[in-house]
Each structure stands twice: as C-alpha cells, then as structure tokens.
Amino acid sequence: MSTHETKQTKRTVKLGSTGPEVFPLGLGCMGMSGTYGKTDDAESVRTIQAAIERGVTLIDTGDFYGMGHNEMLVGRAIEGRRDKVQLSVKFGALRGPDGSFNGNDTRPVAVKNFIAYSLKRLGVEAIDIYRPARLDPSVPIEDTIGTVADLVKAGYVRHIGLSEVGVETIRRAHRVHPIVDLQIEYAIGTRGPEAEIFPVLAELGISATLYGVFSRGLLTGSKPTEAGDWRAHQPRFAGENGAKNEDSVKALQRFAHERRMTPGQVALAWVLARQPAFVPVVGAKTRAQLDDVLGALERPLSKDDLVALESVVKISGDRYDPAQMKHLDSERR
C-alpha cells in the first residue's frame with residue numbers, strides 16, 4: 001500500500017441494484033469552473049488525477065458547469081485514465097452568455113443534442129451515468145428517461161441517474177428504465193431526504209450520490225468573498241440565518257478540534273456514518289482539499305459522536321433562494 005492510499009481504498013459501494021461498483025467517495029468538479037470564485041485549471045487537473053491515483057472512481061460533472069468548461073477540464077484530466085473512472089454527467093440546464101440560468105430543457109431532441117456535445121468535450125465514447133439535472137415541468141419524465149434508455153441501447157450511455165426529484169418522479173422514471181442513483185443534497189444541516197425519498201430509494205433498489213455535504217463550505221467555515229461567488233446571496237450565508245449559522249459552525253469546529261479532525265472531515269464522516277450505503281460527492285478543488293476529505297475515511301464517528309454533533313449543529317435557512325426552491329421537484333410534498 002502506498003503512502004497516499006487510504007485503508008479503505010479497496011472498499012466499494014454499488015450504485016443501485018444494476019449500477020457499477022464505485023469508491024466510497026466521489027469527486028464533484030463543479031467548483032473547478034468558477035462557481036465559488038477563481039480557480040486554477042492546472043491545479044484542477046492535478047486534483048482530478050490525484051483523486052484517481054488515490055482510488056476515487058466516480059467523477060461528477062455537468063454540461064452546463066462553466067458552459068462546457070468543466071467537461072473539457074475533466075476530459076483533459078482523464079485522458080489515458082478512462083478505464084479507471086466512471087463519469088457522472090448532468091444535462092438539461094440552459095445557460096446564457098452572461099452565465100445566467102434560463103430553465104431546463106429535457107425534450108428528447110435536446111437530450112440527443114446535449115450528449116453529442118458532452119461526448120466530444122469529454123473525449124469519450126460513452127458516459128457511465130447520465131442524468132437530467134432538474135425536472136423539466138414541460139416534459140413528462142417518461143419521455144426524458146425513455147430517450148436516455150435509447151442512448152443506453154445505442155451504447156452512448158451505460159446507466160441512468162436522476163437529480164433532485166421527488167418520490168413520484170423517481171417511481172415513474174424507474175418504471176421506464178432501472179435508475180441506479182439519485183443525486184441529491186444531504187448534510188448534517190440538510191436532512192430532508194431522510195423522511196420520504198431515502199425510503200423509496202431503498203424500496204426500489206436505487207442508490208444515492210450525495211452532494212453538498214459541506215453545505216457549500218458553510219460547515220467548514222468558508223465564506224463568499226470573491227466576485228462571482230453565488231453563495232453571497234443564498235439564505236444560509238446571509239442576514240439573520242448567516243449570523244445564527246456561525247454559532248453552529250463554531251460548535252462544529254470545537255467538536256472537530258477535540259477529536260483532532262478538521263471540520264470538513266467531521267461533516268463528511270457524519271454523512272458516511274448516517275448513510276453508509278450511499279456515496280458522498282465532495283467538491284475538492286485542490287490536492288490539499290482532497291487529502292483532507294480522504295482523511296475522513298480513516299476517522300469514523302461513533303453513535304455517541306453523532307448524537308453529540310447533532311445536538312450542537314443546527315443550520316438555519318433554505319439551501320437555495322425562494323425562486324430556486326420552487327423549481328425543485330425534490331422539495332415538493
């Protein structure tokens with residue numbers, strides 16, 4: 001075992017009853033394309049490659065991250081390493097030249113168009129897990145998943161996933177074609193999926209890839225300071241909620257210090273302990289951040305730790321602004 005391998009490198013988690021075996025952590029690449037401020041492409045490539053060397057197999061991106069920039073970045077990083085990774089790609093979000101989001105399009109003709117560009121930018125012949133980023137209310141989910149199922153038959157896609165949809169949509173999609181995983185936000189301050197969504201996933205044999213485990217840096221003490229960092233306008237970082245959440249962040253930091261862990265390791269270890277059958281997707285932008293999060297695999301939390309942590313960390317505010325929350329199928333009750 002090399003000095004850079006974790007003790008759990010050989011452990012894998014299966015995505016759903018029909019999906020691939022993957023390393024217990026995935027690497028989310030969205031932050032490498034300017035979502036949270038300035039980035040360094042060379043360091044991003046080195047980080048992706050370091051993750052692969054450390055055993056990480058699931059690499060997550062979206063065709064709209066940086067308007068194609070992220071896929072090209074991932075393509076550069078995995079060149080010559082394709083057989084070591086599973087690519088998870090989201091599609092459907094529409095962007096403007098100013099970076100604005102302009103809704104979602106999951107019409108069959110659009111899906112075929114999106115994947116053609118993704119395959120070219122990534123430099124691959126097939127995408128391992130292809131998923132609509134959000135539910136398009138104007139297109140029946142059966143039409144969207146049916147089109148992706150056709151792409152599976154044609155060899156362009158290997159598995160189908162979903163993202164941020166609720167139980168009814170999950171059931172309808174799964175009736176069309178087996179779904180291997182649902183990508184959804186989950187963290188110590190974002191536990192909504194536990195009530196209805198996770199039980200349905202268990203019933204249907206569907207896994208989950210969990211993003212936002214650090215609540216976009218909130219739990220690690222990161223704050224929006226650069227122009228272009230969209231978190232500055234999000235409910236958990238601003239106003240009264242922001243002030244309240246600082247107390248919880250300090251409590252988490254004290255908890256981590258007492259256990260000789262970093263806040264990021266604690267936040268991730270909590271998710272791993274609460275949902276061991278699912279795969280957290282962490283947004284490490286640098287090799288140093290990658291080293292930190294992989295350390296969580298070595299430091300599991302006990303049941304007493306979980307109770308103690310949950311008693312002091314109480315996050316206030318929705319995870320998105322009101323307009324975005326309205327468009328989340330996963331938040332409909």
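## Salt bridges, a covered strand and a helix

Glu43 counts as buried, at 13% relative accessibility. In this predicted model, the side chain of Glu43 meets that of Arg46 in a salt bridge, 3.3 Å from N to O. Arg46 counts as partly exposed, with a relative accessibility of 36%. Glu43 and Arg46 are about one helical turn from each other because they lie three residues apart in helix H1 (residues 41–53). An α-helix has 3.6 residues a turn, so residues three or four places apart point the same way.

The count of salt bridges comes to 17. The table gives some of them.

| Salt bridge | N to O distance | Relative accessibility of each residue |
|---|---|---|
| Glu43 and Arg46 | 3.3 Å | Glu43 13%, Arg46 36% |
| Arg172 and Glu168 | 4.0 Å | Arg172 25%, Glu168 56% |
| Arg171 and Glu203 | 2.9 Å | Arg171 29%, Glu203 52% |

Arg172 and Glu168 are four residues apart in helix H5, a separation of about one helical turn. Here Arg172 is partly exposed, while Glu168 is exposed. The salt bridge between Arg171 and Glu203 has its closest N and O atoms 2.9 Å apart. This pair links distant parts of the chain, as Arg171 is in helix H5 and Glu203 is in helix H6 (residues 197–204), 32 residues apart. Salt bridges with shared partners also join Arg191, Glu194, Arg274 and Glu310 into one network.

Strand S5 (residues 86–91) is mostly covered, with six of its six residues buried. Gln86, Ser88 and Lys90 point one way from S5, and Leu87, Val89 and Phe91 point the other way. S5 runs parallel to strand S4 (residues 58–62), and five bridges join the two. Thr61 has Val89 of S5 as its bridge partner. Between S4 and S5 the chain passes through helix H2 (residues 69–78), in a β-α-β crossover that is right-handed. S5 is also joined by four bridges to strand S8 (residues 127–132), again in parallel. There, Ile129 of S8 is the bridge partner of Ser88.

Helix H4 (residues 141–154) has 14 residues and spans 20 Å from its first C-alpha to its last, close to the 20 Å expected. Its buried residues include Ile141, Thr144, Val148 and Leu151. Among the elements that cover the buried residues of H4 are S5, S8 and helix H3 (108–122). Gly155 follows H4 and has a positive phi, near 90°.

The pLDDT averages 90 over the chain, and 92% of the residues score at least 70. Over residues 1–10 the pLDDT is below 50, and this stretch has 15 contacts in the model beyond near neighbours in sequence.

Technical notes: Residues numbered from 1 in each chain as written. Predicted model: local features only at pLDDT ≥ 70, side-chain atom pairs only at ≥ 80, totals over all residues. Heavy atoms only, no water. Buried < 20%, exposed > 50% of the residue type's maximum accessible area, 1.4 Å probe, protein only. Pairing = 2+ DSSP bridges. Right-handed = clockwise from strand over helix to strand, strands pointing away. Expected span 1.5 Å × (residues − 1). Contact = heavy atoms within 4.5 Å. pLDDT = per-residue confidence, 0-100.
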